[in-house]
Amino acid sequence: MEVERPLLLTPGPTILHRSVREALAGPQLSHDSPEFLEVLGRLPGMVREVVRSDSARVALVTGSGTLGVEMAMASLLSREDRVLVLESGYFGSRLAEIARMYAGSVDVLSAPPGRLVPADSYRAALETGRYRAVAVTHVDTATGLEWPLEDLARASRDAGSMLLVDGVSSVGGARLEMDRLGVGVLVTSSQKCLAAPPGVALIAVSEEAARGLRDSGSLYMDLRRWIEVSESPGRYLSTPAVNLFVALERALEIVLEEGMEARWARHESNASFLRDEMSRRGMRAIAEAPSPTVSVFDLAPLGIDALWLRRELYERRGVWTGIGVGPNKSRHIRVGHMGNVSRAHLEFFLGALDEALAGRARGDGRARVPN
């Protein structure tokens, strides 16, 4: 199989379809041109289809997924509010850090990286009825953990708490049905499972949660303003990254042409295939509940340095993966199988991996092993 260099198998950004690249490279449109206003007019409905909501309010903002999460918290929380954060990895810790900037009190239920907080623990906390919101990362790319949302969503509803989901690394790849679950706020970004270029935050807010939006104390991070602008093309707040939005529309067209059920099934199938193949090579996924969008493997038991392996994969075959986060930088390899990544791409990766490991066994590795 011939692949373009680099073959991105990272936890984001991911591979762009040729037609998305062509849309990105199209003529520069004005932010108030008829052509672009038509694009803006279509995007909210497409986002609602992807997140499986009939009535969510949608904001599309130039910026990262982290911006989207912070905007949501800035516009929903006050110093009178108490928030519960479930944390089992790097991005769960980030959620708690952001929540502390806006809420009066933040309680964190933690589990070791890659493990789930026991359901009894969060149920007991929620039964106190103290929390305005519960925040969780659906897929934490530091560990590859997918948080099972069904029970958490039910417990949050029963407690009268709004569920805020960081779906940056899941929306468009892992099953997530906003209305059925009763999610209050769902945040994602363009460059992960949606397979668009980086640079657009997408925020879906239930009608009930939208009624509780507050003054964020910021012009740019006021979610109410962005919902109005996103749903009423022609209203001005600031100039968006026009060509990114045009490329995002094409990427969403591809997502919806595939269909959400088929797309979720493809992600699950590819994830299972990769984990089975890696397990045969002595590399097991570290997550208790592995996600369909990214897998993280521990290389330390095999004595392999992740920095060395990533360089080998790239120099031999042009494959670029993620490596571990923080203290696991040289211990973990993170393989994204989201968006447009296919079974053939994963087979190509496995061939490159086998070639690198065979070279290591012969002592002819091309890349220097880091100190």
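Trainee: Where does the charged end of Arg 5 sit?

Mentor: A charge counts as over a ring if NZ of Lys or CZ of Arg is within 6 Å of the ring centre and within 35 degrees of the ring normal. Here, the charged end of Arg 5 is over the ring of Tyr 314, 5.0 Å from the centre. Arg 360 does likewise over the face of Trp 308, at 6.0 Å from the ring centre. Bear in mind that this is a predicted model, where local features need pLDDT of at least 70 and side-chain atom pairs pLDDT 80 or more, while totals for chains, interfaces and linings use all residues. Side-chain values use heavy atoms, without hydrogens and water, and residues are numbered from 1 along each chain as its sequence is written.

Trainee: How many aromatic pairs does the structure hold?

Mentor: Rings of Phe, Tyr and Trp (its six-membered ring) pair if their centres lie within 6.5 Å; planes under 30 degrees apart are stacked, over 60 edge-to-face, the rest tilted. There are four such pairs. One of them, Phe 36 with Phe 245, is edge-to-face, with 6.1 Å between centres and 70 degrees between planes. Phe 36 belongs to helix H2 (residues 34-51) and Phe 245 to helix H10 (residues 242-258), so this pair ties together parts 209 residues apart in sequence. Tyr 220 and Trp 226 are edge-to-face too, because their centres are 5.3 Å apart and their planes at 75 degrees.

Trainee: Are Phe 36 and Phe 245 buried or exposed?

Mentor: Buried means under 20% relative accessible area, exposed over 50%, partly exposed in between (1.4 Å probe, protein chains only). Phe 36 is buried at 0%, and Phe 245 is buried at 2%.

Terms used
Helices (H or I, at least four residues) and strands (E, at least two) are DSSP runs, numbered from the N terminus.
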